[in-house]
Amino acid sequence: MKYKIIFLDIDGTLTNSQKVITPKTKEALISIQKKGVIVAIASGRPDKGVIPCAEELNLSEYGGYILPYNGGKIINYKTKEKVYQNNLTFDTVHEAYKLSKKYNVELITYDEDKILAETDNNKYLEIESRINKMDVLKVESVPDSLKEAPVKCLLLGDGDYMGSIEPEIKELIGHQANVFRSEPFFLEIMPKGIDKAASIRHLIEKLGIRREETMAFGDGYNDMSMLEYAGMGIAMSNGCDQTKAAADYICDSNDNDGIAQAIDKMFS
């Protein structure tokens, strides 16, 4: 079989517009695992937001992996072994925090199963909380509330505004962090050198899988590196133009079982 591992983004890719894995998509991914293909979920979500999808696809039974925080962490979902983790430094968190104040946007991060934030009425924070089924812990200062340096921080704001300040923030903090948008309103601050492609490379080297034996599905800005790196990079038709341009193939949308159709085509 040409492809030995499939990497899947969640929002806009694995799940449909209602944040549900469709029966056909689930069936296709279970079927391919039964044939020995590894399934790995690579998402900007924290662990807790990825786990429900991992459970639904039976990754523990078939030996799949989860790559939360855009690959800032890699977990063997069968053994629950932490294969890899790369945290930000406290200095970077404080710099990101200063920039959030300068540009008047919200900075959030994660502490175990809680989202740390300084407000609890931000509509983009509500989206992050709902998607990941994580409660928000309101604190006076996000950096000062951390017990250990996190894997990532998020800056939240209106999509057009975030697009306008993204280059400036990259210029100011890019020497010490990886900065990119996962959604128009989410600007991710990750450890330098970490993105989905870097984590895929780390995992397949450990597993002895060649780059050309990898397949990846995605739709968003943070999926571009993954699609460019994979042996077969597949963009959802509902994806952003930049991501579709980075792909080898464009499948049907997340609302029309695009993953299932592509798997049927690629593995037939």
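A charge counts as sitting over a ring if NZ of Lys or CZ of Arg is within 6 Å of the ring centre and within 35 degrees of the ring normal. The model shown here is predicted, so local features need pLDDT of at least 70, side-chain atom pairs count only at pLDDT 80 or more, and totals for chains, interfaces and linings use all residues. Residue numbers run from 1 along each chain as its sequence is written, and side-chain values use heavy atoms, leaving out hydrogens and water.

**View 1. Lys80 over Tyr77.** Here Lys80 sits over the face of Tyr77, 4.0 Å from the ring centre.

**View 2. Arg181 over Tyr221.** Arg181 lies over the Tyr221 face, at 5.1 Å from the ring centre.

**View 3. Tyr69 meets Tyr110.** Searching the whole structure turns up 4 aromatic pairs (rings of Phe, Tyr and Trp, the last by its six-membered ring, with centres within 6.5 Å; planes under 30 degrees apart are stacked, over 60 edge-to-face, the rest tilted). In this one, the ring centres of Tyr69 and Tyr110 are 5.6 Å apart and the planes are at 65 degrees, so it's edge-to-face. The pair links distant parts of the chain, 41 residues apart: Tyr69 belongs to helix H4 (residues 68-71) and Tyr110 to strand S6 (residues 106-111). Helices (H or I, at least four residues) and strands (E, at least two) are DSSP runs, numbered from the N terminus. Tyr69 is buried at 7% relative accessibility, and Tyr110 is buried at 6% (buried is under 20% relative accessible area, exposed over 50%, partly exposed in between; 1.4 Å probe, protein chains only).

**View 4. Phe185 against Phe186.** With centres 4.7 Å apart and planes at 85 degrees, the rings of Phe185 and Phe186 are edge-to-face. Phe185 is buried at 18% relative accessibility, as is Phe186 at 5%.
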